Amino acid sequence: MKNELIKGTLKTIILHLLEKEGRMYGYEIVQKVKSLSHDKVLLTEGALYPALHKLEAEGWLIAEKESIGKRVRKYYSLSKKGKIVSKEKINEFKEFIDSMRLVLNIELK
Amino acid sequence: MELNENQFLFLEFLLNKKGITEKEIQEELLDHLAAGVESKMDNNILFHDAVDETLSEFGEDNFKLIYNNRLTLFNQKNKKKMKRIILFIFIFLGTIILLMARGNYWNNEKMYADSDNSTDINFAIQVNQEPPEAYPVKGDFPITSSFGKRLHPIHKVMRFHKGIDIKAPIGTDVVATSDGEIIKAEIKKSGYGIHVVIKHDETYKSLYAHLSTMNVKKGDFVKKGDKIGEVGATGSTVLPHLHYEIQKEGESVDPKNYIRM
């Protein structure tokens with residue numbers, strides 16, 4: 001799937017996944033999106049991590065680190081604010097799909 | 001399958017070589033790469049091949065994107081912090097300056113008295129006084145010249161007489177005709193000579209001219225009946241008398257209409 005299309009919805013995808021799964025780390029998010037979309041949506045790390053860091057700076061995500069020996073894993077989960085924003089983003093996107101269906105005259109199967 | 005320590009160190013070495021050294025981001029990418037390599041090794045791919053594949057999947061651009069973004073984010077955070085600190089300093093200094101200015105305004109009496117700014121005077125006289133209605137000299141002395149057009153006693157021409165003259169001997173007490181603030185107490189060789197002007201309120205002022213001495217100075221407050229000076233013959237006059245004027249909103253009016261004996 002084209003990157004430009006994914007880009008606009010990346011934040012929505014991240015927020016929604018974290019809402020469903022509770023907490024996840026970067027690699028896990030990439031894999032989850034890949035399997036959910038039957039390998040159609042492949043997130044690039046260059047898009048995912050900046051988005052995660054931005055959401056964290058925004059205060060929508062909480063990051064926790066867990067270390068095993070030298071290896072550190074950074075888990076992300078939704079903050080209270082993030083939970084509200086997540087719902088808003090999903091609604092926004094639903095409205096967007098409805099509008100695009102009308103504009104592009106797409107018939108659902 | 002989990003990477004052993006050497007394999008993990010090798011990945012760390014690769015990231016360092018790419019210039020990704022900031023601890024926070026290195027940790028996260030290292031875990032990401034390790035997880036990718038591990039999943040490939042689970043599919044029976046050898047470590048070095050798994051690393052090559054993972055790195056090529058990742059792509060050079062992605063490393064740069066993540067790293068640069070992180071730096072911008074970091075800078076933005078710092079900028080925001082700096083802005084907040086600067087704003088705080090400004091507010092702090094502003095408050096101090098305001099407090100100091102306020103303190104100065106209330107404490108500095110000289111500034112208050114010397115100020116010609118009428119707003120300061122408004123502060124002092126908020127309530128309208130009664131119009132000046134007292135007789136300006138103590139004692140039963142007659143009005144010898146009325147308000148209006150008259151032949152000027154010295155210049156011998158028709159002039160408008162802006163007040164009244166009361167003939168009285170030198171040294172007779174001159175009193176304030178209503179409460180007010182002395183806004184003028186001047187000595188002039190000609191014209192009014194030694195004269196005093198009292199501001200009673202925003203509407204009325206009264207003027208006492210040709211005095212021999214003054215008992216008040218600019219900025220003083222006087223009560224109705226307070227002595228402000230003595231009758232004299234200073235300025236443009238021949239005989240001792242008091243020249244008395246009332247100004248209503250800046251225009252001279254006939255004091256006779258105000259005096260209540």
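The legends below describe close-up views of a predicted model.

**View 1. Contact between chain A and chain B.** Chain A contributes 16 residues to the contact and chain B contributes 17. On the side of chain B that touches chain A, helix H2 (23-42) and helix H4 (60-107) of chain B each supply at least two residues. H4(B) gives the most to this side, with 8 residues. By type, the residues on the side of chain B that touches chain A are 7 nonpolar, 4 polar and 6 charged.

**View 2. The largest nonpolar core.** This core has 34 residues, and the members that touch the most others are Ile14(A), Leu48(A), Leu52(A) and Ala34(B). At least two residues each come from helix H2 (10-21), helix H3 (26-36), helix H4 (45-58) and strand S3 (71-78) of chain A, and from H2, helix H3 (47-58) and H4 of chain B. H2(B) provides the largest share of this core, 7 residues.

**View 3. Surroundings of Leu52(A).** With neighbours within four places in sequence left aside, Leu52(A) is in contact with Ile14(A), Gly26(A), Leu61(A) and Tyr76(A).

**View 4. A second, separate core.** This core has 23 residues, among them Val196(B), Val197(B), Ile198(B) and Leu207(B).

**View 5. Strands S2 and S3 of chain B.** Strand S2 (residues 148-151) and strand S3 (residues 158-161) of chain B run antiparallel and are joined by 4 bridges. Opposite Gly148(B) stands His161(B) in S3(B). The hairpin formed by S2(B) and S3(B) has 6 residues between the strands. In the turn, Lys156(B) has a positive phi of about 55 degrees.

Definitions and conventions:
Residues numbered from 1 in each chain as written. Chains lettered and ligands numbered in written order. Predicted model: local features only at pLDDT ≥ 70, side-chain atom pairs only at ≥ 80, totals over all residues. Contact = placed C-beta atoms within 7 Å. Nonpolar A, V, L, I, M, F, W, Y, C, P; charged D, E, K, R; others polar. Core = buried A, V, L, I, M, F, W, Y, C linked by C-beta atoms within 7 Å. Buried ≥ 20, exposed ≤ 12 C-beta atoms within 10 Å, placed from the backbone. Pairing = 2+ DSSP bridges.
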